[in-house]
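Have the structure open and follow along.

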Amino acid sequence: MNASGSRGATLARAIAPSLATLLIATPFAASLAEDDYEDLLGGFEDEFGDTDIDVFDEELAQRIARMWDVMYEAGGVGLAAPQVGWSARLLVLNPEGSRDDTSGEMVVINPRVVNKWGKATAQEGCLSFPDIFVDVSRPAGVRLQWQDETGEQHESDFNDFVARILQHENDHLE
């Protein structure tokens, strides 16, 4: 999910099978040397999919760290693993959209929406479609079950903007 409309628009990257292809088509990528693409990719070579994560190790931690880097560099508030070519049920989010305020950071692994309530319409953007914002109606709140980066199980209710980010990123996993 995009925090602002300041990134270059192109639809070609929406169908790209790898992060390198996604990045090449955007002004965000213009600030990176060609060799930096491989550094960002490091391990993001899988095709799109919906694979549950069952190993919580250093490799997972490294992939999550790279996802944070990509999300913040692109000016987003959320990023799902399939957006970077990784076939995994994982998303990261920070409603503040800033490395300077990490108080809202969440790593959400193997999410399951178990309840929804209310209705709200708001504009949404997506890092997969820069500079495109549309009104989207979604439930105003959700109850979510998920695991964190250590594998610990959680269940909580989320409302408003955080619920919207979770639902948007979870759409990439479904």
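**Strands first**

Strand 1 and strand 2 pair up antiparallel, with three bridges between them. Strands here are DSSP E runs of at least two residues, and helices are H or I runs of at least four, numbered from the N terminus; two strands pair if DSSP finds at least two bridges between them. Keep in mind that this is a predicted model, where local features need pLDDT of at least 70 and side-chain atom pairs pLDDT 80 or more, while totals for chains, interfaces and linings use all residues. Residues are numbered from 1 along each chain as its sequence is written, and side-chain values use heavy atoms, leaving out hydrogens and water.

**Around strand 2**
- Val92 in strand 2 is the bridge partner of Leu79.
- Strand 2 also runs antiparallel to strand 3 (residues 106-117), joined by four bridges.
- Leu93 has Met106 in strand 3 as its bridge partner.
- Strand 2 is covered on both faces, with Leu90 and Val92 buried on one side and Leu91 and Leu93 on the other (buried is under 20% relative accessible area, exposed over 50%, partly exposed in between, with a 1.4 Å probe and protein chains only).

**Arg89**
- Arg89 sits in the loop between strand 1 (78-80) and strand 2 (90-93).
- Arg89 is buried, at 5% relative accessible area.
- Its side chain reaches the backbone oxygen of Pro111 at 2.4 Å.

**Helix 5**
- Helix 5 covers residues 160-173, 14 residues in total.
- Its buried residues include Ala163, Ile165, Leu166 and Leu173.

Methods: The expected span of a helix is 1.5 Å times one less than its number of residues. A polar contact is a pair of N or O atoms within 3.5 Å; within protein, one must be able to donate a hydrogen and the other to accept it, and residues adjacent in sequence count only if both atoms are side-chain atoms.
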